[in-house]
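Please examine the structure below together with its sequence.

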Amino acid sequence: MPPARALAYMVASVTLAMTQQVGQNIVNTNIYQIQGELGATVAETNWLIAAYMAPNVSLSIALIKIRMQYGLRNFAEISLAGFVFATLLNFLFVRDLQSAVVVRFMSGMAAAPMSSLAFFYMIEPLPPPKKLTVGLSLALTNTSLGIPVTRLISPWLLDTGGFHGLTLFEMGLALLAFGFVYALPLTSPPRVKWIGPLDLVSYLFIAVGFGSIAVVLALGRIYWWFEAPWLGWLLAAAIICLMLAAIIELHRDSPLIDIRWLTSPTTLHFAGALLLLRVLLAEQTVGANNFFQALGIQNEQTLSLYGVILCAILAGGLTCALLLRPGRENWFYGVALACVSLGAWLDSGATSLTRPHDIYLSQALVAYGSGLYLPTAMAQGMGSAIARGPLYILSFITIFLFTQSIGGLLGSAIFGSFITLRTSFHYHVLAEHFAMSDPLVAQRISQLGASYGHVLTDTTLARAEGVTLLGQQAIREATVLAYNDAFLLISLLAGLALAGLLTHLAILRFRTRTATANALAAG
């Protein structure tokens with residue numbers, strides 16, 4: 001392929017990836033800014049995230065078979081048309097929370113094919129030896145850029161047109177991607193009639209199960225796990241639906257997902273490693289981001305930080321493109337875990353005076369680790385799945401998508417809940433020392449109350465305001481301590497995972513040397 005045309009395919013891949021990623025993160029990134037325009041509370045606005053993720057986490061599984069049966073070209077054109085239609089609805093008809101939830105649900109469905117299309121467009125112009133190394137690394141790096149890119153462009157879009165400025169930009173990206181897909185066709189593999197009646201039944205149960213889990217994880221820490229009974233009912237429904245899907249799939253000759261292979265020790269080990277790494281990367285998406293929001297620092301004040309994160313992710317992806325080869329995956333995992341552990345440990349010393357420029361190094365380390373992890377995991381799993389056949393490719397993609405989408409929600413849920421509990425703990429510890437008989441506490445209350453001296457002449461009221469301000473400062477400091485605990489926990493978990501990986505590699509090397517020595521002795 002001529003270089004100019006190859007570059008056009010790569011630009012199309014970046015456009016498709018950004019279309020999907022910006023659409024997915026546009027609400028998460030600006031939830032406090034858009035709630036006013038929708039006339040909703042923060043808890044109600046989080047339903048937009050749940051509505052988007054509920055169909056998105058499972059639809060990619062069905063789309064794989066649809067793509068193989070009806071052709072890649074038709075699949076690309078129709079899916080892009082559906083996404084453009086969803087973004088048009090988002091721009092024209094969203095005026096309140098109810099309409100926004102409906103349209104976000106449709107957007108989540110329409111955005112499901114975007115990641116796979118971005119992947120195909122990136123590897124299309126490359127020669128076969130480069131597809132699973134350079135092409136895969138670049139394609140998956142694209143999918144990691146969504147959060148920093150959305151953070152960088154959101155302040156300008158909000159200033160320009162508010163929430164509808166965000167949706168207008170999303171629609172513009174979708175139209176660009178639509179043009180690329182029609183102008184640059186993909187090479188279509190032979191069509192295979194692969195969809196059977198039971199596929200629809202199995203997928204229905206899988207969709208309800210995964211969707212229910214996504215809603216629970218997205219909203220559990222908002223409504224709190226033990227306070228809203230409907231969370232428990234949703235989780236029970238998810239378990240029942242996934243069990244029914246597993247029963248159906250176990251008794252089929254050509255299952256949608258190979259349950260036996262998924263539950264094999266090797267596959268469970270691989271899935272567990274993927275899930276653990278994805279949860280640990282919540283340090284950046286949940287930790288640093290929400291930490292600054294808790295301190296009242298807005299998106300426009302963190303632009304330089306997300307510029308650093310963007311560059312670090314790109315550096316990680318380029319490192320994989322240049323150096324990743326079969327057999328090196330474990331070392332890439334080790335470097336990624338070391339970067340996350342060190343970065344989180346550096347963040348664990350934050351104070352209420354910490355500002356974005358203070359954590360450039362730590363966040364760059366975490367971002368670099370995430371840039372190394374995703375292509376490495378995909379390359380290792382895809383290589384073994386290709387060797388086994390098309391059914392195993394579908395099953396592997398199921399694992400990969402589940403660990404990425406559900407893993408991201410799980411990381412947010414776990415560490416968000418942990419921070420809530422630790423904030424309460426630290427606040428009660430601090431409040432125990434607030435005795436009016438303590439001269440330091442009395443002096444501090446008097447100083448804080450004096451700030452209202454020019455509007456309050458009543459000393460009792462001024463003193464009451466001082467107590468209120470002291471309580472607010474205690475909550476702020478308790479929140480900072482809770483985030484430090486979360487950062488330290490992530491650092492510890494990443495360190496333990498790294499130690500486990502190194503121990504595993506040492507055992508494998510010892511066994512290899514022992515087997516070689518025994519073979520030589522026997523010879």
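Q: What is the mean pLDDT of the chain, and which helix has the highest mean among its elements?
A: The model is predicted, and its chain has a mean pLDDT of 80, with 91% of residues at 70 or more. Among the elements of the chain, helix α18 (residues 439-450) has the lowest mean, 72. The highest mean, 88, belongs to helix α10 (residues 229-250).

Q: Are helix α1 and helix α6 roughly parallel or roughly antiparallel?
A: The axes of α1 (residues 3-29) and α6 (residues 114-123) come within 8 Å and cross at roughly 165°. Angles over 145 degrees count as roughly antiparallel. Therefore α1 is, relative to α6, roughly antiparallel.

Q: Is the crossing of α1 and α6 left-handed or right-handed, and how many residues of the contact are charged?
A: The helix α1 passes α6 in a left-handed crossing. On the α1 side the contact is made by Y9, M10, A12, S13, V14, L16, A17 and Q20, and on the α6 side by M114, S115, L117, A118, Y121 and M122. These residues divide into 11 nonpolar and three polar, and the number of charged ones is none.

Q: Is N484 buried or exposed, and which residues does N484 contact beyond its neighbours within four places in sequence?
A: N484 lies in helix α19 (residues 459-522). Its relative accessible area is 10%, and the limit for a buried residue is under 20%, so N484 is buried. Beyond the neighbours within four places in sequence, its contacts are D347, S348, G349 and A350.

Q: Is A478 buried or exposed, and which residues does A478 touch, not counting those up to four places away in sequence?
A: A478 is also part of helix α19. Its relative accessibility is 0%, so A478 counts as buried. Residues up to four places away in sequence being left out, A478 touches T423, H426, Y427 and L430.

Q: How far apart in space are A478 and Y368, C-alpha to C-alpha?
A: In sequence, A478 and Y368 are 110 residues apart. In space, their C-alpha to C-alpha separation is 30 Å.

How values were computed:
Residues are numbered from 1 along each chain as its sequence is written. This is a predicted model: local features need pLDDT of at least 70, side-chain atom pairs count only at pLDDT 80 or more; totals for chains, interfaces and linings use all residues. Side-chain values use heavy atoms; hydrogens and water are left out. Axes are lines fitted to C-alpha atoms, for helices over the stretch in contact, and angles run from 0 to 180 degrees between N-to-C directions. Helices (H or I, at least four residues) and strands (E, at least two) are DSSP runs, numbered from the N terminus. Angles under 35 degrees count as roughly parallel, over 145 as roughly antiparallel, 65 to 115 as roughly perpendicular and the rest as oblique. A crossing is left-handed if the near helix is turned anticlockwise from the far one by less than a right angle, and right-handed if clockwise. Contact means heavy atoms within 4.5 Å. Ala, Val, Leu, Ile, Met, Phe, Trp, Tyr, Cys and Pro count as nonpolar, Asp, Glu, Lys and Arg as charged, and the others, Gly among them, as polar. Buried means under 20% relative accessible area, exposed over 50%, partly exposed in between (1.4 Å probe, protein chains only). pLDDT is the predictor's confidence in each residue, from 0 to 100.
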